[in-house]
Amino acid sequence: MNQLMPIVPEMILTVGAIVLMMVAAFAGRRGSGLTSWAAVALLLAATVALIGAPSHAGPLFGGLIAADAFGAFGKVIIFLASAVAIIAAHGWFERDAEHASEYSVLILFSAVGGAVMVSATSLMTLYVGLELTSLSSYVLASYRRSDERSAEAGLKYFVLGALASGILLYGISLLYGFTGTMGFQGIAGAFARDGTHSIGLLFGLVFVLAGLAFKISAVPFHMWTPDVYEGAPTPVTAFFASAPKVAAVLLATRVCLEALGPATDAWRQIVIVAALASILLGAVAAWGQTNIKRLLAYSSINNVGFALIGLAAGGPKGASAVLFYMAVYVVMTLGAFLCVLRMRGRNGRPLESLDSLSGLSQSRPAFAAALAIFMFSLAGVPPLFGFWPKLLVFRAAIDSGLVALAVAGLLGTVIGAYYYLRIVKIMYFDEAPATLYRVRAPVERLLILLAALIVSPLGYLLIGPLGRFADRAAGSIF
Amino acid sequence: MVGAVTELPILSILVGLPLVAGMACLFVGANAARWTALIATLIEFAIGVWLWVAFDPAGAQWQFVERLPIGAGIDWALGIDGIALVLIMLTLFLMPICIGASWRAIDKRVPEYMAAFLLTEALIIGVFAAQDLFLFYIFFEGGLIPMYLIIGVWGGPERIKASYKFFLYTFLGSVLMLVAMLYMAINAGTTSIPALMAHDFPVDAQKWLWLAFFASFAVKMPMWPVHTWLPDAHVQAPTAGSVILAGVLLKLGGYGFIRFSLPMFPEGSAMFLPLVFTLSGIAVVYTSLVALVQRDMKKLIAYSSVAHMAFVTFGLFAFNQQGIEGAMIVMLSHGLVSGALFLCVGVIYDRLHTREIDRYGGLSDNMPAYALLFMLFTMASVGLPGTSGFVGEFLSLVGTYHMSTWAAVVATTGIILGAVYMLYLYWRIAFGTLRHADAAAMPDLAAREWWLLAPIAAVVLWMGVYPETFLTPIRADVGRLVARVERAAPKGDSMLTAGKPPLKVFDVEAAH
């Protein structure tokens, strides 16, 4: 029983999801409202249940998972982001009469998978969590069966995701074969003992990182991201950009720092290359985009690059910076996607082109201001809060002596700023009449307002509490 | 004396009031927004006057200090010395004038415009008052957003290109500074600016830190060859935007040199002194020549700003009291004079809607009052004795001469060239015959325009006749700065030797 107490949040979600699946099966389309709100309630309940979890820290089930502060930090973000993704979808599919209730159930399963990922301390649970999230994601991506782009996105995601899982599994098998254990502690011990002289260990490390890089869509394993983000229904895209991404980044952080800690020199170069390539490609490739979902896909690649800078820095400070970064990133990106969800043309038809935003500041000043705040914040321009996490990752990098990396990364922010500015330019400087129609969605409005308040300069008040939480979480994996 | 004052977070109020007023502007109509902005800026100015009176030049270096820890590595720390005080005062003085200049010229999206201006004001005051490294950076960079919007939304035909150029240029310069700041915070273990000003960084690190800060401040200043954003931004910005750009935002660069580069990296500053003097020398001569051939009034004044700013860098890196005091006065004077010149351009632009110099001529006939004030500001820009321009440029040149006679020679040609392009401009606009019927039909200054230009004219004369008012608050702080950089000051080539005192009174001293 003691073993079960720390995983109460996961159990709430799992049992709840199974029950809701039954409800969905029997109630059909009529039950969609019920399942959505029930799922949101479950996620909130799971978040509340987390409060006691860190006190139960320590290995559970023979070292398969650890319910520590690091996991708790990730779970809070994952659960809340999943709840937002469900709320966002509620108004979305309804209109197209396509909202089968399974959507919320899939999100719940994906959230459970994410929770397992961030608390995994064994390669086996790592893989189980990852696949639980991924399988739900594949279905979600092609959720709109009748839409060609959605189907294509799902298929593409599945094929490439399966390939990445294969690479990851191969790496896991190598690590297991050469260390004789699945546990992170054991692997760390083996690396400390043998160093990176063992070719087998080194190969295992590279393959595991490649598989994880796919999941966090770091360059050069990012190819699927723009297509999947564009093709998937927008609420699903919002979900992809937030919860699973946080889970994957945190998982990569834990693997690198906990399991591969003694081999820091070996993985650091990989992470640095991936970070810089992601920042650069995410910034440059977004220049020519005309579809806002594609643009935000590149933005997420770009942002992962910055989070990886914190990871490259390593140590408790680097890990804390990564956690802080991901928390703020999720708020910014969900805010931006909630705005995209409100881009509707005549008859509520969703719009995705950047041109449809032109002149928005005149027709819908509050909406334009919110989106502008998210864009400036994503660009990392002070005084918006998006600046602070960037500062933290760079501080961690300089603290570890990676000054050149910090300079290169910061120059990347300038390149990236260009396309965020472009959106602001389209909304504020262009005169063309806005083609957007109003959408009545009070809950989303409230969420956008909340997100905008957090990334506004008022967010700096969060530095203290959020920073302490992140520090404590980062401290728990060392 | 200051004890009672520090109870009231006066600097926070100074930063917060425009923010609140700016938010309020967004929720009211056009006319109410104008009045809200005007009243808010006037209250700010009144607070500023009170601040000036309450500031004790002989007192502690940092006054009105407030400190509120926010969290890991950043404090809400504000406080001012005399240098910050006079620059804040300049901002507060120009702001109501900017609002007044936009009263009629801006007729679309007025609430947003006023909000953007008030936001700019708050951020600029924050820059001058910040005592925490990262707080400074946040204010410093935050100013980009409202200025980007002001140029992009209310600017001229080429506004979009200008707004991008302005934003990306300055952003690029600043990120390098951020790297240096992070290094400093880690190396010194504090983010407090006063503490860092007393911290001695390793000399070989100073070299890189200095360059990183230089990248940011040189762009803001702007120094040749990274000045190219300035003519675009100035020409495209609305009149009040140009005033605030030239009047205050360009001063952030000079302030940065005084606050960071010189006291924090004295050895680095000495090492790169030849670089600064070379770039400043080129700026003085080259941009003056460029200004000479401009056909667009605003562009001409923009290039003249680059040339004037070179006097600031000459003076600052002279490493002596006269030079730095001169640089400060040039900054204040240029803030007033170039602001006023842009307003003068705005006055006739509002009537004829062109900035082409050739479309005017002979305005002294039909606009005598305008011609008079324009003449005053032209002369102040040239540096005629009795105006503020003379005091600053003279002190700056004296300081420069101490350090490098050659630099002083080059800088002095700038004064001559400055007279050439400014007088040539004035001649083409105000003198000659009224060639164009539409220009001849322009009415003279309206009451509102008098209210905008007359206060600046008064201060320009005041600063020219009795500069002591403006030197008193900064003297002690400049003295501290000079004492701080003394150990690294390079030996000047002017080999000044004190002459033999002719009076008997001084014999006592000579006998020692």
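A: Start with helix H11 (residues 229–236) of chain B. Eight of its eight residues are buried, so H11(B) is largely enclosed by the rest of the structure. Buried means that 20 or more other C-beta atoms lie within 10 Å of the residue's own; 12 or fewer means exposed, anything in between partly exposed, and C-beta atoms are placed from the backbone. Helices (H or I, at least four residues) and strands (E, at least two) are DSSP runs, numbered from the N terminus.

This is a predicted model: local features need pLDDT of at least 70 and side-chain atom pairs pLDDT 80 or more, while totals for chains, interfaces and linings use all residues. Residues are numbered from 1 along each chain as its sequence is written, and chains are lettered from A and ligands numbered from 1 in the order written.

The buried residues of H11(B) are B:Trp229, B:Leu230, B:Pro231, B:Asp232, B:Ala233, B:His234, B:Val235 and B:Gln236. Their cover includes helices H7 (144–154), H8 (159–188), H12 (239–249) and H16 (297–316) of chain B. The loop between helix H10 (203–220) and H11 of chain B holds B:Pro222. The peptide bond from B:Met221 to B:Pro222 is cis, with omega near -10°.

Now follow H16(B). The loop between H16 and helix H17 (321–352) of chain B contains B:Phe319. B:Phe319 is not a glycine, yet its phi is positive, about 60°. With 23 other C-beta atoms within 10 Å, B:Phe319 is buried.

B:Phe64 is another non-glycine with a positive phi, about 55°. B:Phe64 sits in strand S1 of chain B and counts as buried, with 22 C-beta neighbours inside 10 Å. Strand S1 (residues 63–71) pairs with S2(B) in the antiparallel sense over six bridges; pairing requires at least two DSSP bridges. B:Glu66 has B:Leu78 of S2(B) as its bridge partner. Two residues separate the strands of this hairpin, and B:Gly73 takes a positive phi near 80° there. Strand S2 (residues 74–80) of chain B is mostly covered, with six of its seven residues buried.

Next, the boundary between the chains. Here 27 residues of chain A are in contact with 26 of chain B; contact means C-beta atoms, placed from the backbone, within 7 Å. Helices H17 (387–399), H18 (403–428) and H20 (463–475) of chain A each give two or more residues to that side of chain A. H18(A) gives the largest share, twelve residues. By class, the chain A side has 21 nonpolar, three polar and three charged residues. Ala, Val, Leu, Ile, Met, Phe, Trp, Tyr, Cys and Pro count as nonpolar, Asp, Glu, Lys and Arg as charged, and the others, Gly among them, as polar.

Chain A has a cis bond of its own, from A:Val219 to A:Pro220, with omega near 10°. A:Pro220 lies in the loop between helices H8 (199–215) and H9 (224–231) of chain A.

Last, one helix pair in chain A. The axes of H14 (residues 315–341) and H19 (residues 442–455) of chain A come within 9 Å and cross at roughly 145°. Axes are lines fitted to C-alpha atoms, for helices over the stretch in contact, and angles run from 0 to 180 degrees between N-to-C directions. The residues of this contact include A:Leu334 and A:Leu338 of H14(A), and A:Ile448 and A:Ala451 of H19(A). By class, the contact of H14(A) with H19(A) has twelve nonpolar, one polar and one charged residues.

How values were computed
Two residues are in contact if their C-beta atoms, placed from the backbone, lie within 7 Å.
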